[in-house]
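Here are a few friendly notes to read alongside the model.

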Amino acid sequence: MIILASKSARRREILSKFTDFKIITEDVEENNTDYWNARQLVMALSFEKGIGVAVKNPEAVVLSADTVVALEDKILGKPVDREDARRMMEALSGRSHEVYTAYSIFCMEKNLKYTDYEVSKVFFKELSLEDIEAYLDTGEYADKAGAYGIQGYGSLLVERIEGDFLNIVGLPISKISDDLKKFLNISLMEGIEIGK
């Protein structure tokens, strides 16, 4: 059995294309003051989101993840309100930033506790005040690291990306697939009919 320890609709959508799973989550305080950089923070949060679920379900394979946006090493978390989102949009305009998604794979029965991350680079267009306000009017910024969702209206803000698109959405499924196969002999390719 696979458990996804995440409340993210985007992660649920990505994983559902490859396997069946249950969702079990635990609340984790997303406080970034104790970490030196985005990579450390996102890996710690990913681990914390999954370890409690894994301990309570030792026979299951538990997958957890966390995503942060970093602009010149400054972490941009989820905006607290529209004004905060506007500040983030203005800061990102015409510049590149990094999106880090860490993921953790647990199977306590097999003594597996593994965390890794992927990073992608996103280049934003120069945004006018009208562009920013129009995007904020969609409401899509709420509950999104960096105040935008690249899989929705946020795609209109992006000039180009370097790296894994699904990493930016919130789950680097290709890298996770490799690790599931390597550590647990689980293939996400099973059941996929070639040519369909």
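1. Strand 3 (residues 61–71) is mostly covered, with eleven of its eleven residues buried (under 20% relative accessible area, 1.4 Å probe, protein chains only). Strands here are DSSP runs of E of at least two residues, and helices are runs of H or I of at least four, numbered from the N terminus. Please keep in mind that this is a predicted model, where local features need pLDDT of at least 70, side-chain atom pairs count only at pLDDT 80 or more, and totals for chains, interfaces and linings use all residues. Residues are numbered from 1 along each chain as its sequence is written, and side-chain values use heavy atoms, leaving out hydrogens and water.

2. Val61, Leu63, Ala65, Thr67, Val69 and Leu71 point one way from strand 3, while Val62, Ser64, Asp66, Val68 and Ala70 point the other way. In a regular strand the side chains alternate between the two faces of the sheet.

3. Now the partners. Strand 1 (residues 2–4) runs parallel to strand 3, joined by three bridges (pairing takes at least two DSSP bridges). Leu4 has Leu63 as its bridge partner. Strand 5 (residues 96–107) pairs with strand 3 in the antiparallel sense over nine bridges, and Thr101 stands opposite Thr67.

4. Strand 4 (residues 74–76) is also antiparallel to strand 3, over three bridges, with Leu76 as the partner of Val69. The two strands form a hairpin with two residues between them, and Glu72 in the turn has a positive phi of about 50°.

5. Finally, helix 3 (residues 82–92) packs against helix 4 (residues 129–138) at an angle of about 135°, with their axes 10 Å apart.

Key. Buried < 20%, exposed > 50% of the residue type's maximum accessible area, 1.4 Å probe, protein only. Axes fitted to C-alpha atoms, helices over the stretch in contact; angles between N-to-C directions.
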